[in-house]
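Please consult the sequence and structure shown here while reading.

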Amino acid sequence: SIALFIIIIFISTFLSKVIQLFLQDEVLVKANLGRGFPQTISMLVKYLIAGIGYFIAITSLGFEMSQLTIIFGALSVGIGFGLQNIFNNLVSGLILIFSRPIRIDDTIEINNMIGSVNSIGIRSSNVRTIDGAEVIIPNGNLISNEVINWTLSDQRRRIEVIVGVAYGSDVQKVSELLKTILQETDQVINFPKPLVLFNEFGDSSLNFRLLFWTDNFSEWVLVKSNVMFKINEVFANENIEIPFPQRDIHMRS
């Protein structure tokens with residue numbers, strides 16, 4: 001009975017993983033499903049097969065349903081006293097799987113950490129940060145804490161650039177140049193419409209605020225860099241000065 005128990009556990013675990021990979025990489029990937037659906041469906045099938053296998057393995061030891069009921073009753077007492085956190089993570093994992101507020105490949109921000117979701121398990125989830133570290137986050141934290149999902153509905157991201165020009169510059173000309181730069185920059189979308197705002201009279205400069213959008217979240221840092229490169233190039237060609245902080249010193253004797 002013990003040997004049969006071990007064999008059934010091994011076969012059910014192995015079979016559940018093989019079927020999960022087969023469904024995820026061969027079958028569901030060819031269907032027109034939404035992002036994250038293949039992983040969710042294959043994971044549910046995996047846990048279903050594994051659960052059936054574990055139940056068969058337990059019954060192979062000679063346990064009857066009445067005995068299993070007693071065991072589960074004792075387990076519920078243990079959950080009430082010492083396994084609350086684990087049970088909370090298990091329930092949170094089911095909520096993440098079915099309600100899908102977070103999906104595979106989503107970019108999320110939690111506790112000032114930004115990363116991409118690699119996997120969502122029944123107890124914890126794996127998030128790879130922008131620095132390359134893999135962080136294991138209990139599912140309870142993803143449900144009970146405030147989580148920012150940057151890519152839940154789309155890949156759009158608003159970008160802001162502040163640039164200053166010297167006092168005496170033609171602000172109308174500066175505004176038109178900045179608008180042209182945004183129109184000619186790749187991956188800057190036209191809707192929402194890019195804005196060039198005369199932001200403030202600074203201590204040493206006239207400050208402009210650029211607000212524009214990209215529909216490729218993963219490349220927003222590169223898009224911002226390209227805009228700033230073009231601003232520096234155009235201002236140099238048009239002899240528009242980007243000033244540095246200046247101070248007037250009055251000497252009294």
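## Aromatic pairs

Phe-198, Phe-201 and Phe-208 are linked into a cluster by ring pairs, where rings of Phe, Tyr and Trp (its six-membered ring) pair if their centres lie within 6.5 Å. The model is predicted: local features need pLDDT of at least 70 and side-chain atom pairs count only at pLDDT 80 or more, whereas totals for chains, interfaces and linings use all residues. Residues are numbered from 1 along each chain as its sequence is written, and side-chain values use heavy atoms, with hydrogens and water left out.

By the ring rule, the count comes to 4 aromatic pairs. The centres of Phe-10 and Phe-14 are 6.4 Å apart and their planes meet at 10°, so this pair is stacked; planes under 30 degrees apart count as stacked, over 60 as edge-to-face and the rest as tilted. Both residues belong to helix α1 (residues 2-27), 4 residues apart, about one turn of the helix. Helices (H or I, at least four residues) and strands (E, at least two) are DSSP runs, numbered from the N terminus. Phe-10 and Phe-14 are both exposed, that is, over 50% relative accessible area, with buried under 20% and partly exposed in between (1.4 Å probe, protein chains only).

## Charge over rings

Arg-157 lies over the face of Trp-150, at 4.5 Å from the ring centre, and also over the face of Trp-220, at 3.9 Å. The criterion is NZ of Lys or CZ of Arg within 6 Å of the ring centre and within 35 degrees of the ring normal.

## Nonpolar cores

The largest nonpolar core has 20 residues, and Leu-178, Phe-208, Leu-210, Phe-212, Val-227, Ile-231 and Phe-235 have the most contacts inside it. Such a core is a set of buried Ala, Val, Leu, Ile, Met, Phe, Trp, Tyr and Cys residues joined through side-chain atoms within 4.5 Å. Two or more residues each come from β6 (157-165), α6 (171-184), β8 (206-214) and α7 (220-237); the largest share, 5 residues, is from α6.

Apart from this core lies another, of 11 residues, including Leu-96, Ile-102, Ile-110 and Val-127.

## Open sheet

Five strands form an open sheet in the order β4-β3-β2-β1-β5, with antiparallel pairing; two strands pair if DSSP finds at least two bridges between them. The edge strands, β4 (134-138) and β5 (148-149), each pair on one side only.

Strand β2 (residues 113-120) is joined by 5 bridges to the antiparallel strand β3 (residues 124-129). Asn-126 in β3 is the bridge partner of Ser-119.
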